[in-house]
Amino acid sequence: MATHRSGRATVWWIAVVAVLGLGVLPQRTGAQAQAGDDLDVVQLRPNFYLIAGAGGNIVMQTGPIGVILVDSGSMQMSEKILATIRKLTPLPIRYIINTSADADHVGGNEKIAKAGLSILAGAIAAGAGLGDDLITNGGGASVLAHENVLNRMSAPTGKQPPFPLEMWPTKTFSAKTYAMYLNGEGIQVIHEHASHTDGNTIVFFRRGDVIATGDIVDTNRFPVIDVDKGGSLQGELDALNHLMDLSIPNLPLQWNPDRTFLVPGHGHVLDKIDLLEYRDMVTIVRDRVQDLIKQGKTLEQVKAANPTLAYRRKYGSDSGSWTTEKFVEVVYKELTTKKK
């Protein structure tokens, strides 16, 4: 799960070996073995953890106020997620921040929120009648997301929603950014419109210099662009470029462990250099498809030309819900629509 890269200069590899020798890159903790579960835990900072294997990646930040989670995994893994959290800290869960409405990112909302505690839950018991957004969810942890996430999880009156009410966000925002300060940390939840979907956000922990990217980045495959849910290629590239602007590499001292850590929706942790390679991959594939379109190629001819060839082994798939052909098809259709 730790950060990695290939094809770098010898000097870079010497630096990486030196850093690994000092044990300063993200390390697995003993939580997996202690919990007896199938979940994998990587410690990013003294108070930041990545919990993987429960659906989408989960980022956990701890501090004096309690636990902040980015995403809640799949519904079936809720108990294992809670057991893993309890192996890491006895602190109460205060917030869940959803990066999208995908089931593997919001599935644990209900159970994990009920296991948590609102920051001012005592005021509810005292009947203070406070209306602050910290007092939500009947005393459980608050669930924050962009309003488009709520729109995707709910349904108009009289229609069956795709998710039960108990899993919905309890606090939404419609602006570009929602900011708060918890555990001595400035936290920015930033809407990246029309990227993976129309409700995707990234979560930037400013003091810890950790960014949860959600499914805008998926190191296991080509980026999933869900057109039916408002996603787009251009929005994906805009989001990747924004992440590039926010992140800082470990330069000029490459053996220095200080850098921005980016946690993708699925896959391994990245730094800015890894993100650069991922962003360039998407850009190069787009440019190759664009060149083929200019030559008058049809969709089937573009697929046959294999514009993803250089990256297919690393990110490609011929089976499952998101294949290489589906990615190329989304790129082709968006570019031809723009041309028209």
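## The largest cavity

The lining of the largest cavity divides into five nonpolar residues, four polar and one charged. (Nonpolar means Ala, Val, Leu, Ile, Met, Phe, Trp, Tyr, Cys and Pro; charged means Asp, Glu, Lys and Arg; the others, Gly among them, are polar.) This is a predicted model, in which local features need pLDDT of at least 70 and side-chain atom pairs need 80 or more, while totals for chains, interfaces and linings use all residues. Residues are numbered from 1 along each chain as its sequence is written, and side-chain values use heavy atoms, without hydrogens or water.

The lining residues are Asn57, Val59, Val70, Asp71, Ala212, Thr213, Gly214, Val263, Pro264 and Gly265. One cavity of 30 Å³ or more is counted. (On a 1 Å grid over the protein atoms alone, a cavity is a set of points where a 1.4 Å probe fits but cannot get out; a pocket is an open set with protein on both sides within 12 Å along at least five of seven lines; lining residues have an atom within 4 Å of a point. Points are joined across faces, edges and corners, and volume is the space filled by probe spheres set on them.)

## The largest pocket

The largest pocket holds about 400 Å³ of space. Its lining has 18 residues. Nearest its centre lie Val224, Ile225, Asp226, Val227 and Trp322.

Charged residues number 10 in this lining, alongside five nonpolar and three polar ones. Helix α12 (residues 324–339) gives the largest share, five residues.

## The chain as a whole

The protein chain has 12 helices and 13 strands. (Both are DSSP runs numbered from the N terminus: helices are H or I, at least four residues; strands are E, at least two.) Of its 340 residues, 54% count as buried. (Buried is under 20% relative accessible area, exposed over 50%, partly exposed in between, with a 1.4 Å probe and protein chains only.)

The largest nonpolar core has 37 residues. (A core is a set of buried Ala, Val, Leu, Ile, Met, Phe, Trp, Tyr and Cys residues joined through side-chain atoms within 4.5 Å.) Val217, Leu240, Leu243 and Val289 have the most contacts inside this core. At least two residues each come from β11 (201–205), β12, α8, α9, α10 (299–305), α11 (309–315) and α12. Helix α9 gives the most, eight residues.

A second, separate core has 23 residues, including Val42, Val210, Phe261 and Val269.

Leaving out residues up to four places away in sequence, Leu240 touches Ile216, Val217, Leu275, Tyr278, Arg279 and Val282. Ala239 sits in helix α8 (residues 233–246). Ala239 counts as buried because its relative accessibility is 0%. Beyond four places in sequence, Ala239 touches Glu192, Ser195 and Ile216. Asn200 is 39 residues from Ala239 along the chain, yet their C-alpha atoms are 9.6 Å apart.

Arg279 belongs to helix α9 (residues 272–294). Is Arg279 buried or exposed? Arg279 counts as buried, because its relative accessibility is 17%. Its contacts beyond four places in sequence are Leu237, Leu240, Asn241 and Met244. With Asn241 there is a polar contact, side chain to side chain, at 2.6 Å. (A polar contact is a pair of N or O atoms within 3.5 Å; within protein, one must be able to donate a hydrogen and the other to accept it, and residues adjacent in sequence count only if both atoms are side-chain atoms.)

Notes: Contact means heavy atoms within 4.5 Å.
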